[in-house]
Amino acid sequence: MDTVLSIKNLTKIYGNGFAALKGVDLAISRGEIFALLGPNGAGKTTLIGIVCGLVRPSGGEVLVDGGDIAADYRSARKKIGLVPQELSVNMFETVWDTVVFSRGLFGKRADPGHIERVLRDLSLWDRKDANIRALSGGMKRRVLIAKALAHEPEILFLDEPTAGVDVELRRDMWEMVRQLREKGVTIILTTHYIEEAEDMADRIGVIDKGEIILVEEKHALMRRLGKTRVTVGLKQQMEAVPPKLFPRPLELSQDGMSLSFTQTGEEDEQAVGLAELLKELASRNIDFRSVNTDRSSLEDIFIDLVGKSR
């Protein structure tokens with residue numbers, strides 16, 4: 001694994017004694033999309049702030065592509081782009097000027113062609129000469145993304161990037177994320193829209209109360225902790241579940257018209273379990289009329305994990 005971001009025993013204790021981070025260890029691979037999930041106050045933004053040089057850590061080590069952010073801040077920071085939660089732009093500048101200036105802040109030579117490509121990808125090209133104060137909220141969010149991409153970072157942090165934005169921007173942004181990943185850019189995102197993490201991420205990390213409680217490849221996590229609720233609708237009412245009908249617990253609905261069971265594991269394992277039940281029903285001359293499956297989402301798993309950690 002080619003690690004581009006290494007975080008070891010990272011702590012942050014504020015002046016009032018609040019421990020925002022408690023010995024966080026995390027390794028991010030080059031070119032992956034990593035989703036960091038956690039409830040409000042879990043430590044996500046503090047962690048991002050430390051890596052991006054906006055917050056001073058109390059202890060620990062952060063290496064960006066092998067370089068220590070404390071010992072060689074400028075070199076490490078050049079490799080990082082950040083799209084923050086809050087709008088942080090000069091409202092009286094034009095779109096073009098603020099994005100060009102952001103590139104210059106990182107010591108990059110002028111490259112109008114790159115700036116144009118970024119603005120076009122974000123549907124900002126026709127507004128390049130507009131003052132930022134005249135833009136809609138969604139367009140201002142696009143400017144933040146353009147600023148983060150202006151210096152061609154190797155690592156891009158997206159801190160709640162689609163909070164409160166329109167569907168069109170969300171779609172455009174995730175398309176850009178996919179394109180960036182194809183170019184080898186590492187994406188680290190936090191989001192309250194967990195379905196976005198489920199759709200986009202390669203790996204999932206869950207942080208709560210300043211501690212990492214899980215890091216796992218997304219599909220492995222869904223297989224290990226995901227559950228499927230299987231419901232078989234019956235043609236005739238059943239008053240009670242026949243003894244030894246099925247090796248795992250079955251639930252009979254209140255109206256006696258359906259049987260249900262919950263199963264973990266991969267889809268082929270679930271199919272075997274369902275086939276066993278249908279075969280047994282047929283052998284007992286119990287007719288069924290429908291089969292429904294309801295697979296737990298990443299959000300269900302997240303809620304369960306955070307609930308257990310509290």
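Helices (H or I, at least four residues) and strands (E, at least two) are DSSP runs, numbered from the N terminus. Covering and touching both rest on contact, that is, heavy atoms within 4.5 Å.

Before I go on, some housekeeping. This is a predicted model, in which local features need pLDDT of at least 70 and side-chain atom pairs count only at pLDDT 80 or more, while totals for chains, interfaces and linings use all residues. Residues are numbered from 1 along each chain as its sequence is written, and side-chain values use heavy atoms, with hydrogens and water left out.

Back to H4. Helix H4 runs over residues 112-121, and its buried residues are His114, Ile115, Val118 and Leu119. These cover an arc of only 130 degrees around the axis, which puts them on the same side of H4. The arc is that of the directions from the helix axis to the C-beta atoms. Just after H4, Ser123 has a positive phi of about 55 degrees.

Next, H3. Which residues of H3 are buried? They are Val95, Thr98, Val99, Ser102 and Arg103. Seen down the axis of H3, they fall within an arc of 140 degrees, so they line one face of the helix. The face turned away from that buried side carries the exposed residues Phe101 and Leu105. H4 and H5 are among what covers the buried residues of H3. After H3 comes Gly107, with a positive phi near 75 degrees.

Now the packing of H3 against its neighbours, starting with H5. H3 and H5 pack at an angle of about 30 degrees, and their axes are 8 Å apart. That makes H3 roughly parallel to H5. Axes are lines fitted to C-alpha atoms, for helices over the stretch in contact, and angles run from 0 to 180 degrees between N-to-C directions. Angles under 35 degrees count as roughly parallel, over 145 as roughly antiparallel, 65 to 115 as roughly perpendicular, and the rest as oblique. The crossing of H3 and H5 is right-handed. A crossing is right-handed if the near helix is turned clockwise from the far one by less than a right angle, and left-handed if anticlockwise. On the H3 side, Val95, Thr98, Val99 and Ser102 meet Val143, Ala146 and Lys147 of H5.

With H4, the axis of H3 comes within 11 Å and the two cross at roughly 125 degrees. H3 and H4 are therefore oblique to each other, and their crossing is right-handed. The residues that meet are Val95, Trp96, Val99, Val100 and Arg103 in H3 and Pro112, His114, Ile115, Glu116 and Leu119 in H4.

Val100, in H3, is partly exposed, with a relative accessible area of 36%. The C-alpha atoms of Val100 and His151 are separated by 9.0 Å, although the two are 51 residues apart along the chain. Leu149, in H5, counts as buried at 6% relative accessibility. Leaving out residues up to four places away in sequence, Leu149 touches His114, Val118, Leu156, Met176 and Leu180. From Leu149 to Arg103 the C-alpha distance is 8.3 Å, across 46 residues in sequence.

On to the nonpolar cores, each a set of buried Ala, Val, Leu, Ile, Met, Phe, Trp, Tyr and Cys residues joined through side-chain atoms within 4.5 Å. The largest has 48 residues, of which Leu37, Ile145, Leu156, Leu158, Ile187, Ile204 and Leu298 touch the most other members. H5 supplies the largest share of this core, 7 residues. A second, separate core of 26 residues includes Leu5, Ile28, Leu47 and Ile50.

Last, backbone. Most residues other than glycine have a negative phi. Lys209 is not a glycine, yet has a positive phi of about 55 degrees. Lys209 sits in the loop between strand S9 (203-208) and strand S10 (211-217), and counts as partly exposed at 38% relative accessibility. Asn285 also has a positive phi, near 60 degrees. Its place is the loop between helix H9 (267-283) and strand S14 (288-295), and at 68% relative accessibility Asn285 counts as exposed.

Definitions and conventions:
Buried means under 20% relative accessible area, exposed over 50%, partly exposed in between (1.4 Å probe, protein chains only).
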